[in-house]
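Please walk me through this model in the viewer, telling me what to select at each stop and what is to be found there.

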Amino acid sequence: MKLTEDDIYRSSTQYRNWSFTPAQLTAQRLKTNQQASERVKAAVARQRAQRARQSQLDSANTSESERNEVVCLTPEEELKLVDTFCDVAQKLGDFCNYPAEITATCIQFVRRFYLFNSPMTYEGQNITRTAMFIANKAESHFLDVEVFSSQCGKNSTAEKILAPEYLIIQALRYNLDVKHPFRALKGGHLELVELARGNLATLPNASQTATELQNEMLQLPRKAGGPAVKMTGPELEKRLGEAYGFAAYILKTAALLTDSYFLYTPSQIWLAAHLLADEPVTLFYLSTKIPPSHPTYSKLVTTIRACATLISSHRSYRSDRSSAEEKDIRDQQAREEIKALVKKLRQCRDPDKVDLVKLNQAQKRDAVHEGGLEENKAKRRKLQREGYEKEADGFWGPDIAKNGGGK
Amino acid sequence: MSKTATRAGATSKDDICPVCKSSRYLNPNMKFLVNPECYHKMCESCVDRIFSHGPAPCPIAGCKRTLRKARFRRQTFEDLKVEREVDIRRKVAKLFDKEQDDFETLRDYNDYLETVETTLWNLILKIDLEATNRRIGLWQQHLTEESNSTQRTQVEDPSLLTDKSHVILKKGGTQRKNVAGIKQDLLTGVGDEPETGFVFRGLKKRVAPEPEKPYDPYNGWSIEPQYYVVQDDYNVDWITHPKHDPAFTVGGYDVRDLYSRALCDAFGGLGVFIEDEKAPQPSVGAATALPVVDGGGGGGQDVNMDDIF
Amino acid sequence: MVDSPALSPRPNPPGAGPKTTTSKIMSINPKAKAVAILNTADKPIAMSADTTPSNGTADLAEQMNDDVRNQFVSGAKLGEGTYAIVYAGHYRHDPTRLVAIKKIKLNTTLKDGIAPDAIREIKHLSELSHPNIIQLHAIFSTKEQNISLVLEHLPLGDLEGLWKNHSISYGTPDIKSWASMLAQAVWFCHENFVLHRDIKGNNVLIAADGTLKLADFGLARSFADASRKMTCNVITRFYRPPELLLGCEHYGGKVDIWSTGIVIAELVLRDWFLPSNTDAEQLLAITQVFGTPTEETWPGVSTLKLAAILGASTRPQPMDYWRTKFSMLGPDGIDLLRSMLIMDPNKRFSARQVLEHRYWTSAPRPTKKEDLPKQGGGPAKVGEDLKRRAGELPSSGRGDKVARKLDFGSMR
């Protein structure tokens, strides 16, 4: 098997199970939302029925809200809530000073989780905290759960953190490996710097030498479509450094908080971020990898541009053009929206799944109990079987040896 | 089981040698030998007496075949006809040794078996003997030409019994005879014989086994990046600092692994366009297991082979 | 109007069969924790909605999980380790395709949630696909929160069992074949930037067709990230390289190469190569064969955290030691083995260098895996043997019911 780096990516679970087209993504979220809504309505109806029966004894009248129909969230609203949870995750990660990978993995876990579950069913705070805990474990950073929960704030306890752990891992379909573009960006940066210095090892079918490439690079315009400039080596490296910084910032924020991981590969994501940071350099770099005349090149550029558009549409994206004030205004708007949504959410939560700790304990107790039952059943079965065999031997006589005669 | 017509008085106990008429009673150690040329049997002493000086004609009256001493052997079966048949089968089996695996379909294999059996019956019952022998000869030639090994020794024509050709060896032998006759016609078409004597349909192409290639320690696997070449050295200090840090280098931390990994990440999936590749899916999120790959170690193939690459 | 359902986990428990002991999971990290019945919460009242699982449609995630689970049928128990139970099983739609279902035990008192081994194994095995690495077909869970890994079925035991079994004899080409497959597995892991960190004889399993498969990724992790320190308390002691014994916290693929070298050495010697009872003894055993490392032979060794435990200096064994003990490898093999066991990890061969060595292409040619000596398969296999009817042969193609075809051509 001759594998290229693309093939290696194709063998990853991120590609196999967690990559979708935009249409598939929306369809899935719709499905999840519908199912969850049904669940909620059924559960609420059931609860009301119980309370109604109970209250037949005392003449309490049902409260206003219960008589009304439950209004559930729409998929778009759910998505907004999920984004909020991701924000929370990011703040938590920053607060605890975790490496970027861990926070990023956590955010992706949350997004993946809510692809198949709804915020109405499982409350975001719990899930986010536990997702952070799992992300730490997945990145070989094993925490003491007590220590972790104390960092999460007064409201959290070790049981609360552990309760949804199993649930989340199941919803993630046991794929705990998330491939991030951070290291990829570093790798790209390494190559770019070498390219700038004229030292890059050229690909076998490259048409230009390293020095030619270097010269070309030194003359790249600062902005797309702008005039060619003449830079010196150090200036170029400084430019690359700045591009790296901005791209890294984008990757840690906007790229994570959008659906980019589902729709694009990490390689395309880091290139998209770099494109936003410094378009001419990125395009030039790509042209050294794939000749512009090749059809893949234009396709790739289109894909990367699409990814860039997606990322830059996120409200945390701050290009040079928009000011800090604009960003604040956007943030404020977002906060108000979220407040309204949270209020709405409170009305349509699935009552069965509110207390995950008790749920978890109940399941575990069942499991052990069932496990014990199973053992007993198995033993009984075995003893029965042995009993039969003994009887059979007693009646028919023991089995004739293979060589002792016909059988 | 034997339905042999009995000669007057003699039982299958072979008490009397047909040539010298000496009986076992007089010579308790008398052993009978038989010659596959004509399947006449005689006692050892006769063989010694008659053939020690070289080939001589068979002493049984009416059989004019020249026999040699060396070809005499003990009789394996009580019934000489069976002996003869077995000899014929043995010889033919050497020429027609194809297995089911050599044929595309079961039907073809069965047709082949039918043809071979028909030929055998022709030989045994001496139907169209000349034509059959000729065809066998041609087939034999064809086989020797086909194989690159040294020439096979000439397989002698199956010996033929001149007498007893009317004997029916099996039930339905007459029918067989007719069928055989028809078959022959079918096979030979309009009377002309195929060049090689026999044509079998549905033979799989026999591929000559390739000479063994030198052992590949990777067993065919390789990982070659297509978008980049890993250099031995990069110089961006804040990324590549481990190479100077003794805490890293003493333990075998290889900074080239870092480069390699960063670049693999950077380009892994560059050419993977999810929009296209994930488009027709039966259900979103259908769990896909890793494709099962074949076993390594020596070139064998496992039964499961789902290749996504 | 439906009453709250009583607690009832779903049916379909794995079947119980004759108990056998084939422990596949052994590691130095203490994994055993007592299973206790959790009794802290009050027994739920039937009316309370909090503790009862929803009676409606299952989660989408649960549905998908059930889809996966229903693809398999589990059967007899094959063995039990401290943290998992292994059952035999097969695909529901194709009973000839066998699998082993490893059910990771529910541990109600495990303090920090799901065990690290489980997480590591799940994470890394899902991403690796190579003929010499055990294949993870699927993962599912039961309502009881047990995670079950559906792995390849490898009935012929492991490498350690092979060399311990004195009724099986093997020679130079066989060793070369096994070593080659193991090296390929390690190479593939490293190419995907995964360290196995627990390579030893009984984690190298043998498939029915003779292929070697590397298993048990419970200690694996990815490497080549500069930022973080890694623990040096990995790899079973006999197979642990000196840099780990000396407390190094930044290392790379070379640690696996050392372990692989030891495994190959054991295969040749048919005995433990460097046994010991403590870490210090292990270091002693290593230095007695390879000599104490010095700043010349291993620059920087004195800076390692635990360098102090290096005792008095010893000289390495002479070449004769190698030629006599490892004669079955031949001169090329000895050269390769020694390169895999160089003390200084920087000089030690990498997986790629191992596969580029001339040992593989020099005579004799490694045996084809079909021809490798195989063992019977241990008690589990024997149990299966016993379950078959008398007179039934293991692999009868057309069945013994058809009369054998007389082969006249081969008579005489």
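Over all chains, the structure holds 42 salt bridges, a salt bridge being a side-chain nitrogen of Lys or Arg within 4 Å of a carboxyl oxygen of Asp or Glu. Side chains of opposite charge can pair when their charged atoms come close. This is a predicted model, in which local features need pLDDT of at least 70 and side-chain atom pairs count only at pLDDT 80 or more, whereas totals for chains, interfaces and linings use all residues. For selections, residues are numbered from 1 along each chain as its sequence is written, chains are lettered from A and ligands numbered from 1 in the order in which they are written, and side-chain values use heavy atoms, with hydrogens and water left out.

**Chain B: pairs within helices**

Select Arg89(B) and Glu85(B), which form a salt bridge whose closest N and O atoms are 3.2 Å apart. Because the two are four residues apart in helix α2 (residues 80-95) of chain B, about one helical turn separates Arg89(B) from Glu85(B); helices (H or I, at least four residues) and strands (E, at least two) are DSSP runs, numbered from the N terminus. Arg89(B) and Glu85(B) are both buried, where buried means under 20% relative accessible area, exposed means over 50%, and partly exposed lies in between (1.4 Å probe, protein chains only).

Next, select Glu130(B) and Arg134(B), a salt bridge with its closest N and O atoms 3.9 Å apart. Both residues lie in helix α4 (residues 129-146) of chain B, four residues apart, about one turn of the helix. Is Glu130(B) exposed or buried? Glu130(B) counts as exposed, because its relative accessibility is 65%, while Arg134(B), with a relative accessible area of 43%, is partly exposed.

Then colour chain B by its domains, whose bounds come from an automatic or database domain assignment: domain 1 (16-75), domain 2 (85-151) and domain 3 (222-266). The C-alpha centres of domain 2 of chain B and domain 3 of chain B lie 68 Å apart.

Move to Glu121(C) and Lys102(C), joined by a salt bridge in which the closest N and O atoms are 3.3 Å apart. This pair links distant parts of the chain, with Glu121(C) in helix α2 of chain C and Lys102(C) in strand β3 (residues 98-104) of chain C, 19 residues apart. Glu121(C) is buried, and Lys102(C) is buried as well.

Now select the two domains of chain C, domain 1 (22-155 + 377-386) and domain 2 (159-371). Their contact takes 21 residues from domain 1 of chain C and 34 residues from domain 2 of chain C, contact meaning heavy atoms within 4.5 Å. The size of an interface is often given as the accessible area lost when the parts come together. Between these two domains of chain C, the buried area (the accessible area, with a 1.4 Å probe, that two parts lose on being put together, summed over both) is about 2,300 Å², of which carbon and sulfur atoms give 57%.

The count between domain 1 of chain C and domain 2 of chain C is one salt bridge, and the side chains of Lys213(C) and Glu152(C) meet in a salt bridge at 3.0 Å, N to O. On the side of domain 1 of chain C that touches domain 2 of chain C, the largest share, five residues, comes from helix α2 (residues 116-127) of chain C.

**Chain A and its interface with chain B**

Display chain A, which has 20 helices and one strand; of its 407 residues, 56% count as buried. Within chain A, select Arg29(A), Asp83(A), Arg111(A) and Asp259(A), which are linked in a network of salt bridges.

Finally, show chain A together with chain B, where 50 residues of chain B are in contact with 55 residues of chain A. The two chains bury about 4,900 Å² between them, 61% of it on carbon and sulfur atoms.
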